[in-house]
Amino acid sequence: LCRHSRRVTRTLRRLIIPRRSTHDGFRRATSSRADRRLIRLCRSNRFASSSMLLTDWGESVTLRTVRKRLNERGLFSKKPVVRPWLSPSHVSCRLVWAMARCHFRESQWSRIIFTDESRFQLYPVDGRIRVWRRTDERLQPDCVRFSLQCGGGSVHVWGAISSNSRSELVILRENVNGERYKRVLNDHLMPWAVANLGDPQVDWKFQDDNAPAHRAKSVTEEKERLGIRSILWPSRSPDLSPIEHVWNLLKWKLARRVPRLNSIAQLATALKEEWNAIPQDRVRSLIASMPNRVRAVITAKGGSTSY
């Protein structure tokens, strides 16, 4: 009887108090047709701001409504990924290069020495850094990130990595040209590579990018004299070089050093310390990712990848 009475009560409530319609509430300010036009405007200019889209849209709504309509269709404002610009020629060369190496095994990549130069600023500008502060502490000295012209100075370095070893980190006192690059090959690459990896004509191959200093005629002749076998490398392809991730790792470690570095000498010392502290297993895993990088280029048909 009790259950029966509760059931009757629920039935009466549904009859007396009708369920609220899903269309009740505020009236939608824009039509579905207008919403589709906004989506087309957004997709035709991905980098347009909300105010620019509202001006082109022509609807009498607020900026919040513009963002809300875009969010409803899964479009959100994000920081764009930065990648080197690739011309059709670059895309074609990258795809050909990847197709020729799609069957390379990890053991083949482990016999390649990856080299590169990089520049590290003393006070780099990083838009991802955040500060914890109260509203009234906006200009407090310990909450402000100061900037200096040219980043307060920089240190230019050269390094080489392989699956089983890595070279010393070389501090370059001057910009690299053909003659200075030959000195790097003779004074730093060859002593380390021969001692740790063996004969350059049998045991390992050499990779560097297509910077003018690396492709100078005198440098090519010097490589032939030293017996260095260079592999072909597609232009504008930092995503294919595992040493680029090593540079990013160094920047990440430098940004977290406490206390902060205050001189170029401290920066150079810290770079060498962090370079030597990177686990070799981390370097080995980066080089082991080469088959995946090659597949990613093929999947992207020569375009940019997530690496």
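This is a predicted model: local features need pLDDT of at least 70, side-chain atom pairs count only at pLDDT 80 or more; totals for chains, interfaces and linings use all residues.
Colleague: What share of the residues counts as buried?

Modeller: A residue is buried when its relative accessible area is under 20%. The protein has 307 residues. Of these, the buried share is 37%.

Colleague: What share of the accessible surface belongs to carbon and sulfur atoms?

Modeller: The accessible surface of the protein comes to about 20500 Å². The part that belongs to carbon and sulfur atoms is 52%.

Colleague: Among contacts between residues at least 6 apart in sequence, what share joins residues at least 24 apart?

Modeller: Contact here means heavy atoms within 4.5 Å. Among the contacts you ask about, the share is 73%.

Colleague: Take α7 and α8. Are they roughly parallel or roughly antiparallel?

Modeller: Helix α7 covers residues 178-196, and helix α8 covers residues 217-226. Their axes come within 9 Å and cross at roughly 20°. Angles under 35 degrees count as roughly parallel. Therefore α7 and α8 are roughly parallel.

Colleague: Is the crossing left-handed or right-handed?

Modeller: Handedness describes how α7 passes α8. This crossing is right-handed.

Colleague: Which residues in α8 does α7 meet, and how do the residues of the contact divide?

Modeller: From α7 come G178, E179, Y181, K182, L185, N186 and M190. They meet S218, V219, E222, K223, R225 and L226 in α8. The residues of this contact divide into five nonpolar, three polar and five charged.

Colleague: Where is the cis peptide bond from V258 to P259?

Modeller: Omega for this bond is near 0°, and the bond is cis. P259 is found between α9 (243-255) and α10 (264-277). The element that holds P259 is the loop between α9 and α10.

Colleague: R236 has a positive phi. Is R236 buried or partly exposed?

Modeller: Phi of R236 is near 55°, and the residue is not glycine. R236 sits in the loop between α8 and α9. Its relative accessibility is 42%, so R236 counts as partly exposed.

Colleague: K301 has a positive phi too. Is K301 buried or exposed?

Modeller: Phi of K301 is near 55°, again in a residue other than glycine. K301 lies in the segment after α12 (290-299). The cut-off for exposed is over 50%. With a relative accessible area of 63%, K301 is exposed.

How values were computed
Residues are numbered from 1 along each chain as its sequence is written. Side-chain values use heavy atoms; hydrogens and water are left out. Axes are lines fitted to C-alpha atoms, for helices over the stretch in contact, and angles run from 0 to 180 degrees between N-to-C directions. Helices (H or I, at least four residues) and strands (E, at least two) are DSSP runs, numbered from the N terminus. Angles under 35 degrees count as roughly parallel, over 145 as roughly antiparallel, 65 to 115 as roughly perpendicular and the rest as oblique. A crossing is left-handed if the near helix is turned anticlockwise from the far one by less than a right angle, and right-handed if clockwise. Ala, Val, Leu, Ile, Met, Phe, Trp, Tyr, Cys and Pro count as nonpolar, Asp, Glu, Lys and Arg as charged, and the others, Gly among them, as polar. Buried means under 20% relative accessible area, exposed over 50%, partly exposed in between (1.4 Å probe, protein chains only). Accessible areas come from the Shrake-Rupley method with a 1.4 Å probe; for residues, only the protein chains shown count as cover.
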